[in-house]
Amino acid sequence: MRNLSVGHVEEFVLVGFPTSPPFQLLLFVFFFAIYLLTLLENILIVSTVWLTPSLHRPMYFFLGHLSFLELWYINVTIPRLLGAFLTQDGRVSYVGCMTQLYFFIALACTECVLLAVMAYDRYLAICEPLRYPSLMPPSLATRLAAASWGSGFFSSMMKLLFISRLSYCGPNIINHFFCDISPLLNLTCSDKEQAELVDFLLALVMILLPLVAVVSSYAAIIVAILKIPTAQGRHKAFSTCTSHLAVVVIYYSSTLFTYARPRAMYTFNYNKIISVLYTVIVPFLNPAIYCLRNKEVKDAFRKTMLGRCHYTRDVTD
């Protein structure tokens with residue numbers, strides 16, 4: 001209860017994962033390794049998409065945006081998770097907590113919209129292959145990517161506008177490893193119904209509407225694939241969107257649990273486990289899925305790495 005001003009909290013204490021020191025050290029090493037691998041995976045995808053002319057198409061343009069988003073996302077959340085294993089009472093200022101919450105919500109909402117845009121792109125590529133270049137020109141892809149980022153950050157700004165107006169008089173202990181919506185709403189000493197309603201409605205708009213777009217796109221894709229007469233043709237068509245479909249299933253299954261119900265949750269430890277899933281595991285799996293399932297990305301990555309190795313060898317000689 002230290003450092004509380006009159007009627008306002010100056011800082012929050014993040015409980016993290018209280019457990020035995022040896023187990024905390026083990027968890028720290030494990031998640032730090034995942035953090036480094038996730039950084040490497042996404043940096044390689046962004047650089048490969050950027051440096052390979054054959055990948056300068058809308059599908060990979062959106063993939064580059066998704067990987068860049070994941071890079072930003074893990075640097076907002078994972079450092080807090082790592083800090084939770086090193087100290088029992090991580091402290092964060094009120095402004096720092098609200099800043100972290102803003103970027104966390106913005107990036108999560110942006111990813112929802114971006115995945116819907118990528119599903120629409122796959123719909124056009126499979127259902128309208130002859131008209132695809134005219135239906136999805138680079139200018140439209142750029143506008144859709146910009147709209148994804150803009151809608152995500154605008155939605156976060158509206159949520160934070162109502163959350164930051166709440167009063168926090170104490171206690172200031174958050175049973176989490178970063179500043180999330182539910183723990184903060186549970187700590188406020190003022191009426192939170194309006195903030196909860198706005199948060200809930202915006203969560204529905206930013207999650208369910210993109211999800212409807214994804215489901216509609218893949219329903220049309222499945223219908224179009226079933227009309228292909230040969231099994232080889234059906235397999236080839238479906239293989240172009242399996243990576244994105246796997247990412248969508250993993251992301252939405254972990255995110256819907258939290259954002260469909262913004263009301264403060266009762267089982268906080270369970271909430272923290274779910275948070276680890278969508279802040280650590282999902283960003284780690286996304287690039288791996290795209291690289292393992294997409295032959296063009298693997299070939300481009302291999303050529304990029306071999307080209308850099310040859311260049312380094314020539315410079316050395």
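The model is predicted: local features need pLDDT of at least 70, side-chain atom pairs count only at pLDDT 80 or more, and totals for chains, interfaces and linings use all residues. Residues are numbered from 1 along each chain as its sequence is written, and side-chain values use heavy atoms, with hydrogens and water left out.

**Annotated segments**

- An unreviewed UniProt entry places "transmembrane region" at residues 25-52, 59-81, 101-120, 140-162, 200-225, 237-253 and 273-292. UniProt positions follow the numbering used here, feature names are shortened, and annotations may be inferred rather than shown by experiment.
- Residues 25-52 are 96% helix and 0% strand, with end C-alpha atoms 40 Å apart. Helices (H or I, at least four residues) and strands (E, at least two) are DSSP runs, numbered from the N terminus.
- Residues 200-225 are 100% helix and 0% strand, and their end C-alpha atoms are 36 Å apart.

**The sheet**

- Three strands form an open sheet in the order E4-E3-E5, with mixed pairing. Two strands pair if DSSP finds at least two bridges between them.
- Strand E4 (90-93) and strand E5 (173-174) are the edge strands, each pairing on one side only.
- Strand E3 (residues 11-14) and E4 run antiparallel, joined by four bridges. Phe12 has Val92 in E4 as its bridge partner.
- H3 packs on the sheet and touches E3, E4 and E5. Contact means heavy atoms within 4.5 Å.

**The largest cavity**

- The whole structure holds two cavities of 30 Å³ or more. On a 1 Å grid over the protein atoms alone, a cavity is a set of points where a 1.4 Å probe fits but cannot get out; a pocket is an open set with protein on both sides within 12 Å along at least five of seven lines; lining residues have an atom within 4 Å of a point.
- The largest cavity has a volume of about 80 Å³. Grid points are joined across faces, edges and corners, and a volume is the space filled by probe spheres set on the points.
- Its lining includes Met59, Asp121, Arg122 and His244.
- Helix H2 (58-86), helix H3 (94-127) and helix H9 (242-259) each supply at least two lining residues.

**The largest pocket**

- The largest pocket holds about 310 Å³ of space.
- Of its 15 lining residues, Val49, Trp50, Tyr60, Phe61 and His65 lie nearest the centre.
- H2 gives the most to this lining, with six residues.

Terms used: Axes are lines fitted to C-alpha atoms, for helices over the stretch in contact, and angles run from 0 to 180 degrees between N-to-C directions.
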